[in-house]
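Me: I would like to go through this structure feature by feature, with the general idea before each case. Can we begin with charged side chains?

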Amino acid sequence: MRVYVPLTLPGLAEAHKTGELGRDHFVAYGVTPALREWYVSDDIEELEYAALSRAALASLRLLAADPDVERRRVVVAVDVADGAAAADPDRGLDPAALGEVTVTGPVPLAKAAAVHVDAGDAEEDVTAAAAALEAADAGDDDAQFVVDGAEDHELLWYATQEIPALVDRA
């Protein structure tokens, strides 16, 4: 199963240093039955993009929790054994948990297929979105508009061989 692991640039640097994503158990996003039902699509590429987008939002939450890190969302796409990732059946169609899986880790970073990172021109919008996230979660429509502004920026695709260059800036 392909999962999308939300990180920050320092989180990617740590994974590069240790050679592992996560410890014991960690949250990632994938094409779960609930995600399939929510998006009502059989197109695997659309569903994987939806899972990547959910991971990008989770990365934004990590940025909001740590104001000192560079304001770029980071998502690592990695293939894990089907039994290594499981959705919580009790969360069902909870919109906050769509696509969320718990991965039994650690997972070798060498299994990563790609890394997705914001371009430099997204930093202003990502910074604003991280600051507005709490208000958006509380139902503020203007704040949600700001958060959606970060989603307007597509994450760039990087090959795993490019991770050292990415973490040099962290």
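Reply: Side chains of opposite charge can pair when their charged atoms come close. In this predicted model, the side chains of Asp 137 and Arg 61 form a salt bridge, with N to O at 2.7 Å. Asp 137 belongs to helix H4 (residues 123-137) and Arg 61 to helix H3 (residues 44-65), so the bridge ties together parts 76 residues apart in sequence. Arg 61 is partly exposed, at 37% relative accessible area.

Me: How many salt bridges does the structure hold?

Reply: There are 6. One of them joins Arg 72 to Glu 123, the closest N and O atoms being 3.0 Å apart. Arg 72 sits in the loop between H3 and S4, and Glu 123 in helix H4, so this pair ties together parts that are 51 residues apart in sequence.

Me: Is Arg 72 buried or exposed, and which residues are linked with Arg 72 in a network of salt bridges?

Reply: Buried means under 20% relative accessible area. Arg 72 counts as buried because its relative accessibility is 10%, whereas Glu 123, with 25%, is partly exposed. The network of salt bridges links Glu 70, Arg 72 and Glu 123.

Me: Which residue forms a salt bridge with Asp 79?

Reply: The partner is Arg 2, with the closest N and O atoms 2.9 Å apart. This pair links distant parts of the chain, Asp 79 being in strand S4 and Arg 2 in strand S1, 77 residues apart. Both ends count as partly exposed: Asp 79 has 34% relative accessibility, and Arg 2 has 28%.

Me: How many bridges join the strands around S4?

Reply: S1 and S4 pair in the antiparallel sense over 6 bridges, and 5 bridges join S4 to S8, also antiparallel. Val 76 can be followed across both pairings: Val 76 in S4 is the bridge partner of Val 5, and in S8 the bridge partner of Val 76 is Val 115. Of the 6 residues of S4, 5 are buried, so S4 is largely enclosed by the rest of the structure.

Me: What joins S3 to S6?

Reply: S3 and S6 run antiparallel and are joined by 5 bridges. Tyr 29 has Glu 100 in S6 as its bridge partner.

Me: Finally, the core. Which residues touch the most other members of the largest nonpolar core?

Reply: That core has 26 residues, and those touching the most other members are Val 3, Val 5, Leu 12, Leu 21, Val 76, Val 103 and Val 115. The elements giving two or more residues to this core include strand S1 (2-7), helix H1 (9-18), strand S4 (74-79) and helix H6 (163-168). Apart from this core lies another, of 16 residues, among them Tyr 4, Tyr 29, Ala 77 and Leu 155.

Technical notes
Residues are numbered from 1 along each chain as its sequence is written. This is a predicted model: local features need pLDDT of at least 70, side-chain atom pairs count only at pLDDT 80 or more; totals for chains, interfaces and linings use all residues. Side-chain values use heavy atoms; hydrogens and water are left out. A nonpolar core is a set of buried Ala, Val, Leu, Ile, Met, Phe, Trp, Tyr and Cys residues joined through side-chain atoms within 4.5 Å. Buried means under 20% relative accessible area, exposed over 50%, partly exposed in between (1.4 Å probe, protein chains only). Helices (H or I, at least four residues) and strands (E, at least two) are DSSP runs, numbered from the N terminus. A salt bridge is a side-chain nitrogen of Lys or Arg within 4 Å of a carboxyl oxygen of Asp or Glu. Two strands pair if DSSP finds at least two bridges between them.
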